[in-house]
Amino acid sequence: MSDFDHVAIIFLQASPVVDEASPSSASSFEMLDMESAHAPYQEVQPHWFFCRRADDNTSWLPFSREDSDKLENAFTNSKNEDKVVAVEGQRYDVHVKERKRYAVYWEQAPSEVRRCTWFYKGDKDTRFMPYPEDFSKDLEEAYRKSVTSDEWKKKLDFPTGETVILHNPKLIMQYQPIGLQDDWVSSPSEHTRPRTVKRGVDNISVEIPDGEPEKVDHVVFMVHGIGPACDLRFRSIIQCVNDFRSVSLSLLASHYKRAQQEGQVGRVEFLPVNWHSALHGDATGVDEDIQRITLPSISRLRHFTNDTLLDLFFYNSPTYCQTIVDTVASEFNRLHVLFKQRHPEFSGTVSVVGHSLGSLILFDLLTNQRDESQISGEPCHLNCNTLEQTLNRLGLQQYLDVLQNENLDLESLALCRDSDLKDLGIPLGPRKKILNYVRRKWPQSVTSAVDYEYFDVGIGQVSIDYPQLEFHPQTFFAFGSPIGMFLTVRGLKRIDPNYTFPTCKSFYNIYHPYDPVAYRIEPMIVSEVDLEPMLIPHHKGRKRMHLELKDSLTRMSMDLKNNVLGSLRTAWQSFARLPVAALPPGEGGETTTEKTLEETQDANSQQQQVHQKEHREIKMGMLNGGRRIDYVLQEKPIESFNEYLFAIQSHLCYWESEDTALLLLKEIYDNLGVAIEQPQQ
């Protein structure tokens, strides 16, 4: 749009101005003019907008009415001071005098802010755009004079060549001069097409967002996976988290409506954590190093590989893994401190979310946290026990002299590996008891409290110094996570059912059934039972229709099978009542076929009973407080037709998934003692 600075306005008596409009519009102008009733002038109510630029596309978006009112009050009472107003849940600060909007928690270029009163829209525009403030001020003055004098058909000419005609209070048009070639004209055929001009935000079709509750009940930090883009639209982690936040706000309004009205529920804040920028920034120089050895052919594919897939290899490199975990931990701590500063009244807890590789980063980081006794001051020697007390507790006091002869105390014992104790002549059984006890009581950066039934390895990179978080996460949610695969590749066969994260009490592994990157966790804890994952309910409180149909057909098939077997058995029993001489004898007077039918039915019945009993009595370990860990989303009907076609999309679907967001909200508010409500259909 042209810059309308220093606009000159000329008021002319109208008569020939309608000639500049299309031929068919003159009569409509006259009709509307005749129908216009004289009304007293009322000052236009401004609404504040901010500018969003992406890929040469500029759009203006409105602030919520609450934020707009705050900005207007600051503008009115500023007295030439550059007041700062926190908006959008205090995630942005607006410098009113400067007319700039700055992100608080992440790096983002400042965006322009505008106090808007007049808007325009062309034939092919999808939404109204606000005029610059100076131009709107001149338009408002011309409108005021026309209303107070009741004189219309005013023509406003501008130095840039544009013309605005005030035909009547309801019909105001903007015209382009013929031959003007600028951004306003997309084709020669549009030279004479007028643009619609509207006064006030209430007269344009724009969706003004609802304001967010000021009270924050919980904070969630969200970590991305490989690459700079998080979905098929190549959006950043900031944009995806914004979507997830919007989805959660809608779900709170529908599933916690009464609790919100009663003041029990505020909102959940979701904040992005970006580690990709630090890894690929100038500090590491890794991109330049990789570029020097990259072949020139298939450049786009190689660029995608270097910028995305190589993150997996970087994480398995001790050098760059340290950069990644340091970045994530420092961002967690920075965001936590900053949030507390901006919300001093906040007394809630924090959870963390990791998508794809981000979930593995969080798993390793949380596994290698230390509890309170080890964070404050000097490490407490395994709950302040001596080596002798520890061995007595384990029933291994006979090995005290062996360990003391090597000058081993509990701290040095915690650093020993299985091979070290084997060299001291300690048998396999006592070695495993000692290692399991020490690692359970004293988790370190090179080990973890896992049952090493077959392997003497730790979880995570053994050469990494894992930083400590300044808070204890309440829950860890993994989206589309390869944790199970990485643990298996590292040589871990089984997770101790008694194992818990040192500082995090809950863990959920959430995945789409067609996600090619996702793996399960529960079989590593309970390997003797083939347990189906928990099906995540649809956010509208039901199964998807095609899944209900599939279950119904399965039940019908089982019922039909049982009925057929029952009918065959009845028929065979009737047939068996024939004279004995006519039938071949079976063992114990029972025919072979009858016995087979009975065995089949008994086996089916026993299998169902055992399966149901196992589901009731199964104990999933303490990683999620004894509760289920693996949760699977319901695929959409179109996805079920070709699971390969939707595989990549399935790995990137979590940011916009209402079912995923609702599971998070339910876990969060269950811990706060607030029950979910059945939404109105």
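The model is predicted, so local features require pLDDT of at least 70 and side-chain atom pairs count only at pLDDT 80 or more, while totals for chains, interfaces and linings use all residues. Residues are numbered from 1 along each chain as its sequence is written, and side-chain values use heavy atoms, with hydrogens and water left out.

The protein contains 22 helices and 19 strands. These are DSSP runs numbered from the N terminus, with at least four residues for helices (H or I) and at least two for strands (E). Of the 681 residues, 47% are buried. Buried denotes under 20% relative accessible area, exposed over 50%, and partly exposed the range in between (1.4 Å probe, protein chains only).

Two strands pair if DSSP finds at least two bridges between them. E13 and E15 are joined in parallel by 6 bridges, and Phe-221 stands opposite Val-352 in E15. E15 and E16 are parallel over 4 bridges. Here Val-352 faces Phe-476 in E16. Strand E16 (residues 475-479) runs parallel to strand E17 (residues 506-511), with 5 bridges between them. Phe-476 stands opposite Phe-507 in E17.

Axes are lines fitted to C-alpha atoms, for helices over the stretch in contact, and angles run from 0 to 180 degrees between N-to-C directions.

H10 is largely enclosed by the rest of the structure, because 11 of its 11 residues are buried. Among them are Leu-360, Phe-363 and Asp-364. Its buried residues pack against E13, H8, helix H9 (318-342), E15, E16 and helix H17 (483-489). Strand E15 has 6 of its 7 residues buried, so E15 is also largely enclosed.

Ala-518 lies in the loop between E17 and helix H18 (522-525). With 17% relative accessibility, Ala-518 counts as buried. Beyond its neighbours within four places in sequence, Ala-518 contacts Gly-480, Ser-481 and Tyr-511. The C-alpha atoms of Ala-518 and Gly-484 are 8.3 Å apart, although 34 residues separate the two along the chain.

Another open sheet has 6 strands, ordered E2-E1-E6-E5-E4-E3, with antiparallel pairing. Strand E2 (57-62) and strand E3 (84-87) are at the edges, each with a single partner strand, so one side of each has no neighbour in the sheet. Neighbouring strands of this sheet are turned by 30 degrees against each other on average, direction ignored. Strand E5 (residues 100-103) pairs with strand E6 (residues 111-116) in the antiparallel sense over 2 bridges. Lys-100 stands opposite Glu-112 in E6.

E3 and E4 pair in the antiparallel sense over 4 bridges, and the bridge partner of Val-84 in E4 is His-95. The two strands form a hairpin with 4 residues between them; Glu-88 in the turn has a positive phi of about 50 degrees. In a regular strand the side chains alternate between the two faces of the sheet. In E3, Val-85 and Val-87 make up a covered face, whereas Val-84 and Ala-86 make up an uncovered one. Helix H2 (residues 65-76) lies across strand E1 (47-54), E3, strand E4 (92-95) and E6, running at about 175 degrees to E3.

How values were computed: Contact means heavy atoms within 4.5 Å.
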